[in-house]
Amino acid sequence: MQLELRLRVLWTFTIVLLISKITGLKISSGFKSDAPQDLFSQIANDLGPYRKRGISDSMTNGVDCGIRDPGFRVQIKNQEVYMVGEVEGFQSRNRNIKLALVDVAAEYTDLPDVDFVVGPYDWTATEVQLALGFEEGGPVLSQAKKAEHTNAILYPDHTFTDWQEADTTSWKREQYMMHRSAMHHPWMARDASLLFRGSNLTGNRHIAFGFETNADMDIRVWDWVQEPAHEHFVGLPQHCKSKYLLDWPGNSYSARLKYLLLCGSVVVHSDNGWYEFYYPMLQHGEHYMKIRALNSTADLHTELTHLNQKLNKTPKHSRRIANAGQRFAREILSDDNVREYWYRLIKQYAELQKHEIRLHPDAVLLGASVSNPRYITYDQRTGCRSASGSSSGSAQRTVYGLPTGPGAAAAVVATTQADPAAMTNPADPDIMIHDAQMRADAQADDTDSELQLSWDSNADSTIEVGSDQIHPQISEETVGEMMAHLEPSIDEAQREESSGSVSEPNAYDESESGPMSW
């Protein structure tokens, strides 16, 4: 009898597995993505410092009250998503992040109760909360970080939704448009120089001001604020005309990296220490080329020139890197995987909050917050007013874009006491303007639809609209068909390589010349 029962259980489990294979049904958890687990390992790494001590309510309150820059607090309670104490951010960043949360809540019906703070800026905060009376060191969800920012928890940045002010549409549409541009520029017809265009007002890009281009280097920077329509401007899709593209971050991270990878060109990334959630999966020499941060004009003249010449001498290897980077941006960074990252982040974050999540007095349902944002000032946050009104409260400010590490907090406090006005954001993000004609052509393939968000405080669910209705975009089916027609391009490139039609005078050999890095 026991043997028969075991066989019956085994048979039932086998049937369920077969059904799950055919239908894509997930047996356990709410996970829906088939992305490599390495993509989600960054979540565990970020939450590592809180594994033992957890994330207390006092930590969350401390961060919420300590931040003096744009952002908001998010609470999920009984499957309802709320925004708390939203301080208006730069351009459409707050909106884009909230739309990403709408997308997640519409897709997953088992969101846990959770309470976290989101920063929509380009850098990570150094909290100074000594006078606030809350526990220090609370986590902040950030778009990018450095290794020393142990309180920063990475999330997919706002550009995955879109970036209207930079003429950037949804990530799915950008994937299609960039790949189409890549098809318009066959590899063998592309320029062999290393291409970069950018503002000279961010980071240390001023070192390239007046740089003379040559056969190996096509690098130009200028004041994008004064001359947005510069004669040497190159729209993002038109970057695909070059075999080699330089990704040169400004003050912090560069959202441009994922778009450049879509070109199917070799992307040379200047590593300044800042990274997004997916960077750890990118392998040097496989998906892109990573070099140390550019610090001087000599780096441009010697090191980059040497690297570009080496890439040109190893065309097969260069092309393999270009194709692998393109596949990564298209497949690993798919809409489904980005949404899944948000979901897993929320689930794992909630596991570290052992206390009951109590709805904040300032909470506003997500749907209402998207359609009619309720902005407040820093000092209007309920529960923070007494702390901010204390005698030393004015000096306890959160700082962005300043160095962190030993002694940083004391330096920040001294700075704010001496000159509170110095706490304003010291940097402006890059202004990225893309090829308008490419956009117009792609949008002609789509049907215009208006933003449709409905909210009813008495409804069972905060969200009453499908994620595909949040902002105009090409449907997944349409984009899937478009991308399917583009797939042969990679196959043709691989066949061309295997047939030997690509000449390679000097085979790539790390044993002789070392890896293509600094």
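K77 is buried, at 19% relative accessible area (buried means under 20%, exposed over 50%, partly exposed in between, with a 1.4 Å probe and protein chains only). This is a predicted model, in which local features need pLDDT of at least 70, side-chain atom pairs count only at pLDDT 80 or more, and totals for chains, interfaces and linings use all residues. Residues are numbered from 1 along each chain as its sequence is written, and side-chain values use heavy atoms, leaving out hydrogens and water.

K77 pairs with E356 in a salt bridge, with the closest N and O atoms 3.8 Å apart (a salt bridge is a side-chain nitrogen of Lys or Arg within 4 Å of a carboxyl oxygen of Asp or Glu). This pair links distant parts of the chain, 279 residues apart. K77 sits in strand β1 (residues 71-77), and E356 in the loop between α9 (335-351) and β12 (363-365). Helices (H or I, at least four residues) and strands (E, at least two) are DSSP runs, numbered from the N terminus. E356 is exposed, with 58% relative accessible area.

## A pair within helix α9

D336 and R339 also form a salt bridge, at 3.0 Å from N to O. Both lie in helix α9, three residues apart, about one turn of the helix. D336 is partly exposed at 39% relative accessible area. R339 counts as buried at 9%.

## Network and total

Salt bridges with shared partners join D57, D64, R73, D115 and R381 into one network. Within it, the D64 and R73 side chains meet at 3.1 Å, N to O. D64 and R73 are both buried. Across the whole structure, the search finds 17 salt bridges.
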